[in-house]
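I opened my notebook today to look around one protein, and you are welcome to read along. I will jot down each thing I looked up, in the order I looked.

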Amino acid sequence: MNKHHEPTGPSADDQITLRGPAELADALPYLMGFHPTDSVVMVALHGRRGRFGGRLRLGIPRSPREWPFVSDQLAECLVTGSERRGGRPDGIVVFLCQDPADGESARQVMERLRPFAQRLRTACGALDVPVFEALCISDGRYWSYCCPDERCCPPDGNVLALPGTSVMAAAAAYAGIQVRGTLRDMEARLSPRQPADQEQVRALDAAGLALVPRILGGAEREQVGAETLGLVRRLMKRLGENKPASASWPDADAGDDTLISHDEAAAVILGLQDRETRDRAAEWMEGPDAEPALRLWRALARRCAGAYETHAPAPLTLAGWVAWSTGDEPGARVALGRALRSDPEYTFAQLLHQACNEGLDPEALRRCLRQERAERKRPHPRPVRTRPVTRSVRPQAAAKRSTPPAKARPGAAAARGRTRRQDGQRGRSER
(Lines give C-alpha, C1' and ligand atoms only; values in the text may rest on other atoms or scores of the structure.)
Protein backbone atom coordinates (compact mmCIF):
# COMPACT_ATOMS: atom_id res chain seq x y z
CA MET A 1 0.00 0.00 0.00
CA ASN A 2 1.14 3.53 -0.64
CA LYS A 3 1.34 5.62 2.50
CA HIS A 4 0.84 8.88 0.62
CA HIS A 5 -2.45 7.79 -0.87
CA GLU A 6 -3.69 5.68 2.03
CA PRO A 7 -2.32 7.05 5.31
CA THR A 8 -4.60 4.75 7.31
CA GLY A 9 -2.79 1.63 6.02
CA PRO A 10 0.74 0.31 6.23
CA SER A 11 3.41 2.08 4.25
CA ALA A 12 5.08 0.71 1.15
CA ASP A 13 8.09 -0.28 3.26
CA ASP A 14 5.95 -2.37 5.63
CA GLN A 15 5.35 -5.30 3.32
CA ILE A 16 2.83 -7.81 4.62
CA THR A 17 2.10 -11.06 2.84
CA LEU A 18 -1.51 -12.21 3.10
CA ARG A 19 -2.20 -15.83 2.28
CA GLY A 20 -5.68 -17.00 1.48
CA PRO A 21 -9.21 -15.80 2.17
CA ALA A 22 -8.85 -15.90 5.96
CA GLU A 23 -6.08 -13.31 6.08
CA LEU A 24 -7.77 -11.19 3.43
CA ALA A 25 -10.98 -11.10 5.47
CA ASP A 26 -9.04 -10.20 8.59
CA ALA A 27 -7.17 -7.42 6.79
CA LEU A 28 -10.29 -5.59 5.57
CA PRO A 29 -10.83 -3.34 8.64
CA TYR A 30 -7.19 -2.26 8.50
CA LEU A 31 -7.44 -1.47 4.81
CA MET A 32 -10.49 0.74 5.37
CA GLY A 33 -9.77 2.09 8.85
CA PHE A 34 -13.11 0.77 10.16
CA HIS A 35 -15.30 -2.32 10.01
CA PRO A 36 -17.47 -1.82 6.91
CA THR A 37 -21.07 -2.82 7.56
CA ASP A 38 -23.73 -3.28 4.89
CA SER A 39 -21.07 -2.48 2.29
CA VAL A 40 -19.50 -3.65 -0.92
CA VAL A 41 -15.75 -2.98 -0.90
CA MET A 42 -13.46 -3.35 -3.91
CA VAL A 43 -9.66 -3.21 -3.68
CA ALA A 44 -7.31 -2.94 -6.64
CA LEU A 45 -4.21 -5.17 -6.82
CA HIS A 46 -1.04 -4.32 -8.72
CA GLY A 47 1.94 -6.37 -9.91
CA ARG A 48 2.82 -10.02 -9.58
CA ARG A 49 2.75 -9.86 -5.78
CA GLY A 50 -0.69 -8.23 -5.65
CA ARG A 51 0.23 -4.91 -4.02
CA PHE A 52 -2.87 -3.16 -2.64
CA GLY A 53 -3.89 -0.01 -4.48
CA GLY A 54 -7.05 2.05 -4.70
CA ARG A 55 -10.20 0.98 -2.94
CA LEU A 56 -13.82 2.05 -2.87
CA ARG A 57 -16.86 1.34 -0.72
CA LEU A 58 -20.58 1.64 -1.34
CA GLY A 59 -23.64 0.59 0.59
CA ILE A 60 -25.13 -2.62 -0.79
CA PRO A 61 -28.19 -1.68 -2.88
CA ARG A 62 -31.35 -3.07 -1.34
CA SER A 63 -32.99 -3.96 -4.62
CA PRO A 64 -31.34 -6.70 -6.73
CA ARG A 65 -32.56 -4.82 -9.80
CA GLU A 66 -29.90 -2.20 -9.09
CA TRP A 67 -27.05 -4.70 -8.92
CA PRO A 68 -26.16 -4.82 -12.65
CA PHE A 69 -25.94 -1.04 -13.00
CA VAL A 70 -24.07 -0.61 -9.70
CA SER A 71 -21.63 -3.39 -10.60
CA ASP A 72 -20.73 -1.77 -13.91
CA GLN A 73 -20.30 1.64 -12.27
CA LEU A 74 -18.12 0.34 -9.44
CA ALA A 75 -15.86 -1.64 -11.75
CA GLU A 76 -15.38 1.29 -14.11
CA CYS A 77 -14.79 3.73 -11.26
CA LEU A 78 -12.10 1.59 -9.64
CA VAL A 79 -10.29 0.80 -12.89
CA THR A 80 -10.34 4.34 -14.31
CA GLY A 81 -9.43 5.82 -10.93
CA SER A 82 -6.44 3.49 -10.69
CA GLU A 83 -5.37 4.49 -14.19
CA ARG A 84 -5.50 8.17 -13.28
CA ARG A 85 -3.26 7.46 -10.30
CA GLY A 86 -0.72 5.87 -12.60
CA GLY A 87 -1.44 2.19 -13.07
CA ARG A 88 -4.17 -0.08 -14.34
CA PRO A 89 -4.92 -2.78 -11.75
CA ASP A 90 -3.87 -6.35 -12.49
CA GLY A 91 -6.66 -7.75 -10.36
CA ILE A 92 -9.39 -6.90 -7.86
CA VAL A 93 -10.59 -8.29 -4.53
CA VAL A 94 -14.29 -7.94 -3.68
CA PHE A 95 -15.80 -7.96 -0.18
CA LEU A 96 -19.54 -8.11 0.55
CA CYS A 97 -20.21 -7.27 4.21
CA GLN A 98 -23.71 -7.53 5.65
CA ASP A 99 -25.14 -8.79 8.92
CA PRO A 100 -28.22 -11.03 8.91
CA ALA A 101 -31.66 -9.49 9.14
CA ASP A 102 -34.16 -10.69 11.73
CA GLY A 103 -34.83 -14.38 11.18
CA GLU A 104 -32.00 -14.73 8.65
CA SER A 105 -28.80 -16.75 9.03
CA ALA A 106 -25.34 -15.67 7.91
CA ARG A 107 -25.31 -18.45 5.32
CA GLN A 108 -28.59 -17.16 3.90
CA VAL A 109 -27.01 -13.72 3.58
CA MET A 110 -24.15 -15.27 1.63
CA GLU A 111 -26.50 -17.07 -0.75
CA ARG A 112 -28.71 -14.00 -1.20
CA LEU A 113 -25.69 -11.89 -2.19
CA ARG A 114 -24.15 -14.51 -4.47
CA PRO A 115 -25.74 -13.05 -7.68
CA PHE A 116 -24.35 -9.63 -6.74
CA ALA A 117 -20.86 -11.10 -6.32
CA GLN A 118 -21.14 -12.85 -9.67
CA ARG A 119 -22.29 -9.64 -11.36
CA LEU A 120 -19.31 -7.75 -9.92
CA ARG A 121 -16.94 -10.42 -11.24
CA THR A 122 -18.53 -10.19 -14.68
CA ALA A 123 -18.31 -6.38 -14.71
CA CYS A 124 -14.61 -6.44 -13.83
CA GLY A 125 -13.93 -9.17 -16.38
CA ALA A 126 -15.57 -7.06 -19.09
CA LEU A 127 -12.84 -4.49 -18.42
CA ASP A 128 -10.14 -7.19 -18.69
CA VAL A 129 -9.39 -7.04 -14.97
CA PRO A 130 -9.99 -10.37 -13.18
CA VAL A 131 -11.44 -10.72 -9.68
CA PHE A 132 -8.91 -12.82 -7.78
CA GLU A 133 -11.13 -13.26 -4.74
CA ALA A 134 -14.70 -12.41 -3.72
CA LEU A 135 -15.60 -12.81 -0.05
CA CYS A 136 -18.81 -12.53 1.92
CA ILE A 137 -18.42 -11.50 5.58
CA SER A 138 -21.43 -11.86 7.85
CA ASP A 139 -21.95 -12.38 11.58
CA GLY A 140 -18.30 -13.16 12.33
CA ARG A 141 -17.89 -15.67 9.48
CA TYR A 142 -16.59 -15.49 5.92
CA TRP A 143 -17.20 -17.38 2.65
CA SER A 144 -15.33 -17.40 -0.66
CA TYR A 145 -17.38 -17.10 -3.86
CA CYS A 146 -14.32 -18.16 -5.89
CA CYS A 147 -13.12 -21.28 -4.11
CA PRO A 148 -15.08 -24.48 -4.85
CA ASP A 149 -13.07 -26.62 -2.40
CA GLU A 150 -15.23 -27.39 0.63
CA ARG A 151 -12.17 -28.60 2.56
CA CYS A 152 -10.99 -25.00 2.98
CA CYS A 153 -14.26 -23.19 2.27
CA PRO A 154 -17.07 -25.24 3.85
CA PRO A 155 -20.75 -24.41 3.18
CA ASP A 156 -21.19 -22.98 6.67
CA GLY A 157 -18.21 -20.67 6.24
CA ASN A 158 -15.19 -20.11 8.44
CA VAL A 159 -14.94 -18.15 11.65
CA LEU A 160 -13.01 -14.88 11.45
CA ALA A 161 -9.79 -14.66 13.43
CA LEU A 162 -10.05 -13.16 16.89
CA PRO A 163 -9.31 -9.40 16.85
CA GLY A 164 -5.63 -8.65 17.33
CA THR A 165 -4.34 -12.17 16.68
CA SER A 166 -3.43 -12.02 12.97
CA VAL A 167 -0.27 -10.92 11.20
CA MET A 168 -2.13 -7.91 9.82
CA ALA A 169 -3.25 -6.88 13.30
CA ALA A 170 0.32 -7.11 14.57
CA ALA A 171 1.65 -5.04 11.67
CA ALA A 172 -1.11 -2.45 12.13
CA ALA A 173 -0.36 -2.15 15.84
CA TYR A 174 3.33 -1.67 15.05
CA ALA A 175 2.49 1.05 12.52
CA GLY A 176 0.11 2.81 14.92
CA ILE A 177 -2.97 2.09 12.78
CA GLN A 178 -6.31 2.11 14.56
CA VAL A 179 -9.59 0.57 13.52
CA ARG A 180 -12.29 3.12 14.37
CA GLY A 181 -15.15 0.79 15.16
CA THR A 182 -17.86 -0.01 12.67
CA LEU A 183 -19.17 2.08 9.83
CA ARG A 184 -22.51 2.17 11.64
CA ASP A 185 -20.84 3.75 14.68
CA MET A 186 -19.08 6.38 12.55
CA GLU A 187 -22.27 7.32 10.74
CA ALA A 188 -24.13 7.63 14.05
CA ARG A 189 -21.84 10.56 14.94
CA LEU A 190 -23.18 12.41 11.90
CA SER A 191 -26.86 11.44 12.00
CA PRO A 192 -29.79 13.30 13.62
CA ARG A 193 -31.44 11.66 16.56
CA GLN A 194 -34.56 9.61 15.92
CA PRO A 195 -37.29 10.52 16.53
CA ALA A 196 -36.55 14.09 15.51
CA ASP A 197 -35.87 16.63 18.27
CA GLN A 198 -38.97 18.82 18.03
CA GLU A 199 -37.38 21.66 19.96
CA GLN A 200 -34.56 21.78 17.42
CA VAL A 201 -37.08 21.66 14.57
CA ARG A 202 -38.92 24.70 16.02
CA ALA A 203 -35.62 26.57 16.34
CA LEU A 204 -34.82 25.79 12.69
CA ASP A 205 -38.29 26.99 11.64
CA ALA A 206 -37.76 30.30 13.45
CA ALA A 207 -34.25 30.74 12.03
CA GLY A 208 -35.54 30.05 8.53
CA LEU A 209 -38.22 32.72 8.81
CA ALA A 210 -35.66 35.23 10.05
CA LEU A 211 -32.63 34.48 7.85
CA VAL A 212 -33.79 33.08 4.51
CA PRO A 213 -35.49 36.34 3.35
CA ARG A 214 -32.35 38.27 4.30
CA ILE A 215 -30.13 35.87 2.35
CA LEU A 216 -32.35 35.69 -0.73
CA GLY A 217 -33.03 39.42 -0.74
CA GLY A 218 -29.38 40.11 -1.48
CA ALA A 219 -29.04 43.38 0.39
CA GLU A 220 -28.28 41.73 3.75
CA ARG A 221 -26.64 38.57 2.46
CA GLU A 222 -23.12 39.64 3.40
CA GLN A 223 -24.29 40.77 6.82
CA VAL A 224 -25.91 37.37 7.49
CA GLY A 225 -22.67 35.69 6.41
CA ALA A 226 -20.64 37.83 8.80
CA GLU A 227 -23.07 37.06 11.64
CA THR A 228 -22.87 33.33 10.90
CA LEU A 229 -19.07 33.27 10.84
CA GLY A 230 -18.92 35.31 14.03
CA LEU A 231 -21.17 32.79 15.77
CA VAL A 232 -19.04 29.93 14.42
CA ARG A 233 -15.93 31.53 15.95
CA ARG A 234 -17.62 31.82 19.34
CA LEU A 235 -18.84 28.21 19.25
CA MET A 236 -15.40 26.93 18.23
CA LYS A 237 -13.83 28.83 21.11
CA ARG A 238 -16.39 27.37 23.51
CA LEU A 239 -15.73 23.83 22.26
CA GLY A 240 -11.98 24.35 22.40
CA GLU A 241 -12.18 25.44 26.03
CA ASN A 242 -14.24 22.37 26.94
CA LYS A 243 -12.36 19.21 25.97
CA PRO A 244 -14.34 15.93 25.97
CA ALA A 245 -14.21 14.35 29.39
CA SER A 246 -14.62 10.84 27.94
CA ALA A 247 -12.83 8.99 25.16
CA SER A 248 -16.08 7.25 24.25
CA TRP A 249 -17.68 8.64 21.09
CA PRO A 250 -21.27 8.75 22.39
CA ASP A 251 -20.26 10.49 25.61
CA ALA A 252 -17.97 12.98 23.84
CA ASP A 253 -20.63 13.86 21.26
CA ALA A 254 -23.31 14.23 23.94
CA GLY A 255 -21.01 16.65 25.77
CA ASP A 256 -20.56 18.73 22.63
CA ASP A 257 -24.32 18.84 22.08
CA THR A 258 -24.87 20.37 25.52
CA LEU A 259 -22.47 23.23 24.68
CA ILE A 260 -24.55 24.42 21.69
CA SER A 261 -28.06 25.76 22.11
CA HIS A 262 -30.89 24.97 19.70
CA ASP A 263 -31.04 28.59 18.49
CA GLU A 264 -27.27 28.77 17.92
CA ALA A 265 -27.26 25.52 15.97
CA ALA A 266 -30.21 26.64 13.86
CA ALA A 267 -28.63 30.00 13.02
CA VAL A 268 -25.37 28.41 11.82
CA ILE A 269 -27.10 25.62 9.87
CA LEU A 270 -29.24 28.15 7.98
CA GLY A 271 -26.30 30.52 7.47
CA LEU A 272 -24.14 27.76 5.98
CA GLN A 273 -26.66 27.26 3.19
CA ASP A 274 -25.07 30.31 1.55
CA ARG A 275 -22.21 29.01 -0.58
CA GLU A 276 -19.80 31.88 0.10
CA THR A 277 -20.32 31.61 3.85
CA ARG A 278 -19.73 27.84 3.71
CA ASP A 279 -16.53 28.34 1.72
CA ARG A 280 -15.28 30.88 4.26
CA ALA A 281 -16.03 28.38 7.03
CA ALA A 282 -13.85 25.82 5.24
CA GLU A 283 -10.80 27.93 6.11
CA TRP A 284 -10.83 26.49 9.66
CA MET A 285 -9.07 23.34 8.48
CA GLU A 286 -5.71 23.02 10.22
CA GLY A 287 -3.71 23.79 13.33
CA PRO A 288 -5.58 24.51 16.57
CA ASP A 289 -8.76 25.38 14.64
CA ALA A 290 -9.22 21.93 13.12
CA GLU A 291 -10.26 19.96 16.20
CA PRO A 292 -13.03 22.31 17.46
CA ALA A 293 -14.20 22.92 13.88
CA LEU A 294 -14.61 19.18 13.26
CA ARG A 295 -16.53 18.77 16.52
CA LEU A 296 -18.77 21.69 15.59
CA TRP A 297 -19.56 20.42 12.08
CA ARG A 298 -20.41 16.97 13.45
CA ALA A 299 -22.67 18.48 16.09
CA LEU A 300 -24.46 20.61 13.50
CA ALA A 301 -24.98 17.59 11.24
CA ARG A 302 -26.66 15.86 14.17
CA ARG A 303 -28.93 18.90 14.61
CA CYS A 304 -30.40 18.78 11.08
CA ALA A 305 -33.58 17.29 12.45
CA GLY A 306 -36.79 16.27 10.72
CA ALA A 307 -37.36 17.89 7.34
CA TYR A 308 -34.15 19.89 7.80
CA GLU A 309 -32.05 16.81 7.05
CA THR A 310 -31.82 18.31 3.54
CA HIS A 311 -29.67 21.07 5.11
CA ALA A 312 -27.11 18.53 6.35
CA PRO A 313 -24.80 18.43 3.27
CA ALA A 314 -23.15 21.73 4.25
CA PRO A 315 -21.95 20.71 7.74
CA LEU A 316 -21.32 17.13 6.59
CA THR A 317 -19.09 18.32 3.74
CA LEU A 318 -17.21 20.66 6.06
CA ALA A 319 -16.71 17.75 8.48
CA GLY A 320 -15.40 15.62 5.63
CA TRP A 321 -13.08 18.38 4.47
CA VAL A 322 -11.54 18.95 7.92
CA ALA A 323 -11.13 15.20 8.44
CA TRP A 324 -9.37 14.83 5.09
CA SER A 325 -7.23 17.91 5.70
CA THR A 326 -6.02 16.47 9.02
CA GLY A 327 -5.23 13.02 7.61
CA ASP A 328 -8.36 11.12 8.69
CA GLU A 329 -9.32 9.63 5.32
CA PRO A 330 -11.77 7.02 6.70
CA GLY A 331 -13.65 9.74 8.60
CA ALA A 332 -13.60 11.97 5.53
CA ARG A 333 -15.05 9.29 3.27
CA VAL A 334 -17.84 8.51 5.74
CA ALA A 335 -18.83 12.17 6.15
CA LEU A 336 -18.68 12.94 2.44
CA GLY A 337 -20.59 9.75 1.66
CA ARG A 338 -23.32 10.86 4.06
CA ALA A 339 -23.43 14.29 2.39
CA LEU A 340 -23.86 12.73 -1.05
CA ARG A 341 -26.48 10.34 0.23
CA SER A 342 -28.47 13.37 1.41
CA ASP A 343 -27.86 15.31 -1.83
CA PRO A 344 -26.15 13.42 -4.68
CA GLU A 345 -25.75 16.68 -6.64
CA TYR A 346 -23.92 18.62 -3.90
CA THR A 347 -20.91 19.80 -5.92
CA PHE A 348 -18.51 20.57 -3.07
CA ALA A 349 -19.00 17.08 -1.61
CA GLN A 350 -18.64 15.48 -5.06
CA LEU A 351 -15.29 17.17 -5.70
CA LEU A 352 -13.87 16.41 -2.26
CA HIS A 353 -15.08 12.80 -2.33
CA GLN A 354 -13.47 12.21 -5.72
CA ALA A 355 -10.22 13.86 -4.68
CA CYS A 356 -10.07 11.88 -1.44
CA ASN A 357 -10.76 8.58 -3.21
CA GLU A 358 -8.10 9.31 -5.82
CA GLY A 359 -5.49 9.90 -3.14
CA LEU A 360 -4.84 13.53 -4.01
CA ASP A 361 -2.97 15.76 -1.58
CA PRO A 362 -5.30 18.19 0.26
CA GLU A 363 -2.47 20.71 0.50
CA ALA A 364 -3.39 22.22 -2.87
CA LEU A 365 -6.84 23.19 -1.58
CA ARG A 366 -5.44 24.32 1.76
CA ARG A 367 -3.03 26.60 -0.06
CA CYS A 368 -5.85 28.10 -2.09
CA LEU A 369 -7.94 28.79 1.02
CA ARG A 370 -4.95 30.35 2.77
CA GLN A 371 -4.41 32.69 -0.16
CA GLU A 372 -8.04 33.77 -0.18
CA ARG A 373 -7.91 34.49 3.54
CA ALA A 374 -4.70 36.49 3.17
CA GLU A 375 -6.19 38.44 0.26
CA ARG A 376 -9.14 39.53 2.38
CA LYS A 377 -6.84 40.68 5.19
CA ARG A 378 -4.57 42.64 2.86
CA PRO A 379 -5.40 46.38 3.03
CA HIS A 380 -6.56 47.77 -0.27
CA PRO A 381 -5.24 51.26 -1.20
CA ARG A 382 -7.79 54.02 -1.41
CA PRO A 383 -8.46 55.26 -4.91
CA VAL A 384 -6.63 58.52 -5.66
CA ARG A 385 -8.96 61.28 -6.78
CA THR A 386 -7.57 63.27 -9.68
CA ARG A 387 -8.70 66.75 -10.65
CA PRO A 388 -9.75 67.21 -14.28
CA VAL A 389 -6.99 68.57 -16.47
CA THR A 390 -7.91 72.00 -17.88
CA ARG A 391 -5.98 74.25 -20.21
CA SER A 392 -5.00 77.52 -18.62
CA VAL A 393 -6.14 80.52 -20.64
CA ARG A 394 -5.19 84.11 -19.94
CA PRO A 395 -8.22 86.22 -19.10
CA GLN A 396 -7.32 88.76 -21.72
CA ALA A 397 -7.11 86.16 -24.47
CA ALA A 398 -10.35 84.56 -23.36
CA ALA A 399 -12.07 87.92 -23.39
CA LYS A 400 -10.80 88.63 -26.86
CA ARG A 401 -12.07 85.29 -28.19
CA SER A 402 -15.45 85.57 -26.55
CA THR A 403 -16.12 89.19 -27.50
CA PRO A 404 -16.85 89.92 -31.17
CA PRO A 405 -15.16 92.95 -32.80
CA ALA A 406 -17.00 96.17 -32.19
CA LYS A 407 -17.37 97.06 -35.87
CA ALA A 408 -18.62 93.68 -36.96
CA ARG A 409 -22.37 93.43 -37.42
CA PRO A 410 -24.05 90.14 -36.38
CA GLY A 411 -25.61 89.77 -39.77
CA ALA A 412 -22.32 90.17 -41.57
CA ALA A 413 -20.65 87.60 -39.33
CA ALA A 414 -23.42 85.13 -40.03
CA ALA A 415 -23.09 85.74 -43.77
CA ARG A 416 -19.38 85.10 -43.65
CA GLY A 417 -20.02 81.86 -41.73
CA ARG A 418 -22.52 80.68 -44.32
CA THR A 419 -20.07 81.49 -47.11
CA ARG A 420 -17.32 79.41 -45.48
CA ARG A 421 -19.62 76.42 -44.96
CA GLN A 422 -20.73 76.53 -48.59
CA ASP A 423 -17.15 76.71 -49.81
CA GLY A 424 -16.21 73.75 -47.61
CA GLN A 425 -19.12 71.70 -48.87
CA ARG A 426 -18.26 72.45 -52.46
CA GLY A 427 -14.65 71.49 -51.87
CA ARG A 428 -15.62 68.13 -50.38
CA SER A 429 -17.90 67.31 -53.30
CA GLU A 430 -15.13 67.98 -55.83
CA ARG A 431 -12.94 65.36 -54.19
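Entry 1: Before looking, I wrote down what a cavity is: a set of grid points where a 1.4 Å probe fits but cannot get out. A volume, in turn, is the space filled by probe spheres set on the points. I also noted that this is a predicted model. Then I asked how many cavities of 30 Å³ or more the structure holds. I found one. The largest cavity has a volume of about 80 Å³. I listed its lining too: Arg-193, Ala-196, Asp-197, Gln-200, Asp-257, Ala-299, Arg-302, Arg-303 and Ala-305.

**Entry 2: the whole chain.** I stepped back for an overview. The protein chain has 17 helices and six strands. Of its 431 residues, 43% are buried. I then looked at contacts between residues at least 6 apart in sequence, and 70% of them join residues at least 24 apart. The chain exposes about 24,300 Å², with carbon and sulfur atoms supplying 52% of that area.

**Entry 3: the open space.** Next I went to the largest pocket, whose volume is about 1,600 Å³. Its lining takes in 44 residues. Which of them lie nearest its centre? I noted Arg-57, Leu-58, Gly-59, Gly-337 and His-353. Strand 2 (51-59), helix 2 (67-84), helix 3 (106-126), helix 5, helix 13 and helix 14 each give the lining at least two residues. Helix 2 gives the most, with nine residues.

**Entry 4: a serine in helix 2.** I stayed with helix 2 and picked Ser-82, which is found there. Is Ser-82 buried or exposed? Its relative accessible area is 3%, so it falls under the 20% cut-off and counts as buried. Leaving aside neighbours within four places in sequence, I found Ser-82 in contact with Ala-44, His-46, Gly-87 and Pro-89.

**Entry 5: helix 13.** This helix had already come up at the pocket, as one of the elements in the lining. It runs over residues 329-342, which makes 14 residues. From first C-alpha to last it reaches 20 Å, close to the 20 Å expected at 1.5 Å a residue. Why do I call helix 13 largely enclosed by the rest of the structure? Because 11 of its 14 residues are buried. Among them are Val-334, Ala-335, Leu-336 and Leu-340. I checked what the buried residues of helix 13 pack against, and found helix 1 (20-32), helix 5 (183-188), helix 12 (313-325) and helix 14 (347-357).

- The peptide bond from Gln-194 to Pro-195 is cis, with omega near 0°. Pro-195 sits in the loop between helix 5 and helix 6 (198-217).
- Asp-128 is not a glycine, and its phi is positive, near 65°. I placed Asp-128 in the loop between helix 3 and strand 4 (131-138). Its relative accessibility is 68%, so it counts as exposed.
- Asp-139, which is not a glycine either, has a positive phi of about 55°. Asp-139 belongs to the loop between strand 4 and strand 5 (141-144). At 54% relative accessibility, this residue counts as exposed.

**Entry 6: a leucine in a loop.** My next stop was Leu-272, in the loop between helix 9 (262-271) and helix 10 (275-281). Not counting residues up to four places away in sequence, it touches Thr-228, Arg-278, Ala-281, Trp-297, Leu-300, Ala-314 and Leu-318. Leu-318 is 46 residues from Leu-272 along the chain, and I read 9.9 Å between their C-alpha atoms.

**Entry 7: an aspartate in helix 1.** I ended with Asp-26, which lies in helix 1. This aspartate is buried, with a relative accessible area of 10%. Asp-26 and Tyr-142 are 116 residues apart along the chain, and their C-alpha atoms are separated by 9.6 Å.

How values were computed: Residues numbered from 1 in each chain as written. Predicted model: local features only at pLDDT ≥ 70, side-chain atom pairs only at ≥ 80, totals over all residues. Heavy atoms only, no water. Helix = DSSP H or I, 4+ residues; strand = E, 2+ residues; numbered from the N terminus. Buried < 20%, exposed > 50% of the residue type's maximum accessible area, 1.4 Å probe, protein only. Contact = heavy atoms within 4.5 Å. Areas by Shrake-Rupley, 256 points an atom, 1.4 Å probe, with all protein chains shown as cover. Expected span 1.5 Å × (residues − 1). 1 Å grid on protein atoms, 1.4 Å probe; cavity = no way out; pocket = protein on both sides within 12 Å on 5 of 7 lines; lining within 4 Å.
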